[in-house]
Each structure stands twice: as C-alpha cells, then as structure tokens.
Amino acid sequence: MAEEFGTVVIGAGIGGGTVVESLRDSGYAGSVALVGADPAAPYYRPDLSKKVMLENSDPAESALRGDDWYAAHDVSTFFGSPVAALDPTGQTVTLDSGEELKYGQAILATGSTPRTLDVPGTQLGNIHTLRDAGDAVAIRSQFGEGKRVAVIGGGWIGLEVAAAAKTRGCDVTVILHTDAPPLSSVLGHEIGEHFEQLHRKNGVKFIKEAETTAFTGSDSVEVVETSAGSVPADLVVVGIGADPATGPAASAGLTVDDGVIVDEHMRTSDGSILAIGDIANAHNVLREERLRIEHWDNAVRQAEVAASTVTGGSKAYDWQPYFYTDQFDLGMEYVGRGGADDEVVIRGDRAGGEFIVFWLRDGRVSAAMNVNIWDFGDELRALIGKEVSAERLADEQVPVGQL
Ligand SMILES: Cc1cc2nc3c(=O)[nH]c(=O)nc-3n(C[C@H](O)[C@H](O)[C@H](O)COP(=O)(O)OP(=O)(O)OC[C@H]3O[C@@H](n4cnc5c(N)ncnc54)[C@H](O)[C@@H]3O)c2cc1C
C-alpha cells in the first residue's frame with residue numbers, strides 16, 4: 001500500500017532541501033517526504049566548481065545540513081530514488097523502484113539537466129558534464145600538472161571549471177562556437193571581454209568560432225575536433241547550458257513552457273502541486289514578468305515562498321534576481337537583469353580589479369555587479385529600476401547609498 005504524506009517534495013537539491021526546512025520552521029505539522037535521484041542528502045551545488053575542485057574538499061562538507069537533521073525534524077527521506085511519474089488525479093508519486101507515495105501537496109524541485117553534444121565519440125572516457133558531486137569528483141580526479149583540459153562553452157560553469165583546472169596546473173583551452181567573448185550574451189561585449197582577459201591573463205587559451213564536430217581517441221578522449229581545428233585533450237568538460245528537468249511535471253500534465261509555469265506563490269496549473277527553483281517559470285510581481293532563473297538564491301527564496309503557500313502564508317516572488325561567481329582572483333555579485341546591449345557604466349578601478357558595473361536601459365538601472373568590492377548588496381539591489389544618470393553612477397564622489 002502507498003505510504004501517505006502531507007507534503008512530498010520531489011528533487012532533493014537546494015530548493016528541495018530548503019523547502020523542507022522552511023516548512024518545519026514555519027510550524028508545518030504534516031508529514032513530509034523528500035525524494036531525490038541523487039544518493040546524497042541536499043548539498044550546496046555552487047561549491048562543486050569552486051571549493052570541491054580548487055581545495056579538493058569532500059562534497060559531503062557542502063551538505064545543507066547534517067544527515068541526522070531529517071529524522072530529527074520528522075522528514076522521511078528517499079535519496080537515490082528517481083521519481084518516474086506524478087499522478088495528480090490519484091495524488092501519487094511513483095518512484096523508479098515502483099514504490100508509491102501519496103501526497104496532499106507535492107512540491108517539484110527537480111532542477112536542471114546539463115545539455116550534451118550529439119557528435120561522434122561522446123562515449124569515450126573523460127568527457128563530462130557538471131551537475132552533481134559525482135561529476136565534480138570525476139572531473140577533478142583528472143586534474144594535474146600539464147593535463148590538457150578542453151572546456152566546451154563559456155558560460156558560468158565552463159569558466160569556473162576553466163579557472164579551477166588552470167589553478168590546479170592544467171593546460172586549459174575554452175572552445176567557443178561564436179566570435180563573441182564568453183558571457184557576453186548576459187553581460188554584454190565589454191564585460192564579457194573583461195572575463196576573457198581575466199582568463200587569458202591567467203593562461204587560459206580560447207578558440208573561437210569553433211563548432212565541436214567530434215571527439216576522437218581509443219578508450220578515452222584524445223582530441224576534440226572542431227570546425228576551427230583539432231584540440232588535443234586528456235579531459236573534456238561540456239558546459240553548454242542546461243534544460244529544466246520537467247519529466248515528472250510533464251508526466252502530470254502540468255503546463256510546461258520553458259519550465260513549469262507557476263504563479264507568484266509557486267502554484268502550478270494543478271492546485272495541489274507547486275514548483276520552485278531552476279524548473280520554475282514564475283511570475284515575478286516586482287518586475288511584472290515571468291522569469292526562469294538558474295541560480296542558487298532563486299531556489300532558496302522560492303522554497304521559502306512555497307513553504308509559505310503550503311502553510312497558508314502570503315509570501316510572493318517579489319525580488320530581483322541575484323547570483324555570484326568566483327573565478328581566479330575575481331569575485332562578484334550581480335543583481336537585476338541587464339540586457340546584452342544595455343549601456344554599461346563603470347564605477348571604480350576596473351584595471352585594478354575593484355569596481356562596480358551598472359547596466360542602464362532607457363535611463364534606468366537594469367542591473368548592477370560589484371566586483372571584488374563588498375558590502376553594497378542592499379544599496380545596489382535598491383537601485384534596480386531607478387532613474388540615475390550615467391555620470392552620477394560613475395561619480396565616486398557620490399556615495400553608492402546616495403545614488
Ligand atoms: C557546478 C555548479 C556551480 C554553480 N554555481 C553557482 C553559483 O556560483 N551561483 C549561483 O547562484 N548558482 C550556481 N549554480 C546554480 C545553482 O546551483 C542552481 O540554480 C540550484 O542548485 C537550483 O536549485 P534546484 O533546487 O532548482 O535544483 P538542484 O539543486 O539542481 O536540485 C535538483 C535535484 O532534483 C533531483 N532530480 C531531478 N530529477 C529528478 C527526478 N525525476 N526524481 C527525483 N529527483 C530528481 C536532482 O538529482 C537534484 O538533486 C551552480 C550550479 C552548478 C551545477
């Protein structure tokens with residue numbers, strides 16, 4: 001017979017792990033199950049391309065909380081248990097094992113699945129994507145002095161892996177399919193160029209306008225074949241983006257369109273199912289638009305909104321997107337949502353590596369990024385949407401809090 005729960009959370013990552021904690025913190029007294037495909041308890045995924053690769057840390061050190069927390073808070077865990085189907089009529093979750101769990105409320109937090117390349121040779125050894133702790137440990141086990149690492153893609157994960165591999169002594173080449181600097185689709189050309197120069201200065205090589213066409217080698221990869229030439233490689237990391245993991249949502253017949261469509265309280269098209277984190281295409285009431293955000297802060301805060309919805313609260317999705325990255329000696333935080341062709345205003349010492357970037361659209365601040373300067377988080381967040389001239393933004397005589 002199916003076990004019954006007040007709430008079943010599907011996906012035990014950052015969002016899933018946070019929502020069970022928020023439920024208990026908000027006094028939810030119902031029974032809770034946390035089901036995840038990953039064999040490990042929820043962990044802090046951003047560490048995988050940073051601490052785990054740079055410091056050889058055990059991914060277990062990045063656990064959101066101790067293993068005994070779940071039992072102590074009466075949360076039943078089903079780790080290493082992928083969900084095969086979600087039936088909203090019978091309010092039942094079916095695990096791969098065939099086991100069934102009944103729910104009053106289900107919360108989907110299944111995250112993203114890395115995209116792969118469909119070219120000859122992908123079955124060769126030492127070709128990886130990076131999403132979970134197993135991937136991170138497999139990748140770092142190949143790092144070493146002079147090891148040739150090819151990173152395909154210049155997004156956040158690709159560049160963080162490139163920085164980690166280079167720092168660990170590898171010979172790193174980033175393969176880009178366009179001529180544009182990495183990250184320029186998010187940060188625009190000028191700031192994308194800043195990241196490219198940061199990597200070049202640290203010895204990372206770039207090959208551009210290079211479409212990957214095949215991998216060759218005997219057992220393990222030896223060469224990445226591209227339209228711009230051959231790149232010898234002992235290790236390949238494919239970082240070409242990710243897609244929302246909407247399998248269970250689709251099996252339930254929920255409305256899915258670039259993620260699971262949810263309102264500002266994280267409610268899907270089915271009254272007893274919520275969705276949060278990377279998979280949620282959610283209505284943001286502050287920005288008055290739909291957003292699907294693949295960042296840690298979003299998963300945590302949407303988890304808190306979902307817990308509020310389940311417990312009869314009124315929290316809503318009403319904040320600006322935020323994320324951060326660490327690469328070599330550059331640490332930054334970004335808030336808002338700039339367009340790649342927004343006007344860029346720099347405040348501070350860009351050459352010295354400590355500065356703030358503002359993006360302006362129609363005279364209003366669309367985004368801000370503090371690079372190696374801290375403690376301005378709240379002030380920068382408050383500026384998003386405000387009308388401020390480029391001259392004033394750049395003028396260091398005007399304190400950030402008075403812009
Ligand atoms: C290497 C790496 C570095 C990152 N660095 C940063 C960073 O510096 N800053 C930042 O803001 N963000 C970063 N992110 C993004 C951030 O980690 C994600 O946005 C965040 O984890 C999303 O949380 P989530 O709960 O939606 O998904 P996840 O944390 O991915 O959790 C989803 C969970 O669902 C499970 N799952 C999937 N399908 C099923 C199923 N059918 N049944 C059961 N379980 C399932 C998965 O196994 C997974 O454990 C990084 C991501 C990666 C991979």
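I sorted the shell around the ligand by residue type and got 14 nonpolar, 9 polar and 7 charged residues. For this sorting, Ala, Val, Leu, Ile, Met, Phe, Trp, Tyr, Cys and Pro count as nonpolar, Asp, Glu, Lys and Arg as charged, and the others, Gly among them, as polar.

The model is predicted, so local features need pLDDT of at least 70 and side-chain atom pairs count only at pLDDT 80 or more, while totals for chains, interfaces and linings use all residues. Residues are numbered from 1 along each chain as its sequence is written, and side-chain values use heavy atoms, with hydrogens and water left out.

**Ligand**

I looked up which of the 30 residues around the ligand come nearest, and found Gly15, Lys50, Val83, Arg131 and Asp278. A residue is near a molecule if one of its heavy atoms lies within 4 Å of it.

Next I checked polar contacts (pairs of N or O atoms within 3.5 Å). An N or O atom in the side chain of Arg131 is 2.7 Å from an oxygen atom of the ligand. For the side chain of Asp278, I also read 2.7 Å from an N or O atom to a ligand oxygen atom. Thr110 takes part through a backbone N or O atom, 3.5 Å from an oxygen atom of the ligand. The ligand has 990 Å² of accessible area on its own, and the protein covers 91% of this; the areas come from the Shrake-Rupley method with a 1.4 Å probe.

I then traced where the shell comes from. Domain 1 (3-113 + 242-310) and domain 2 (116-238) each give at least three residues, with bounds from an automatic or database domain assignment. At least two residues come from each of α1 (14-25), α5 (156-167), α9 (296-310) and β21 (322-327). Helices (H or I, at least four residues) and strands (E, at least two) are DSSP runs, numbered from the N terminus.

**Helix α5**

How many of the 12 residues of α5 are buried? I counted 9, among them Trp156, Glu160 and Ala165. Buried means under 20% relative accessible area, exposed over 50%, and partly exposed in between (1.4 Å probe, protein chains only). Just after α5, Gly169 has a positive phi of about 95°.

**Two Asn residues**

Most residues other than glycine have a negative phi. I noted Asn56, with a positive phi near 55°, in the loop between α2 (51-54) and α3 (68-72). Asn56 counts as partly exposed because its relative accessibility is 42%.

Asn372 also has a positive phi, near 55°, and sits in the loop between β25 (364-371) and α10 (377-383). Its relative accessible area is 22%, so Asn372 is partly exposed.

Key
A polar contact is a pair of N or O atoms within 3.5 Å; within protein, one must be able to donate a hydrogen and the other to accept it, and residues adjacent in sequence count only if both atoms are side-chain atoms.
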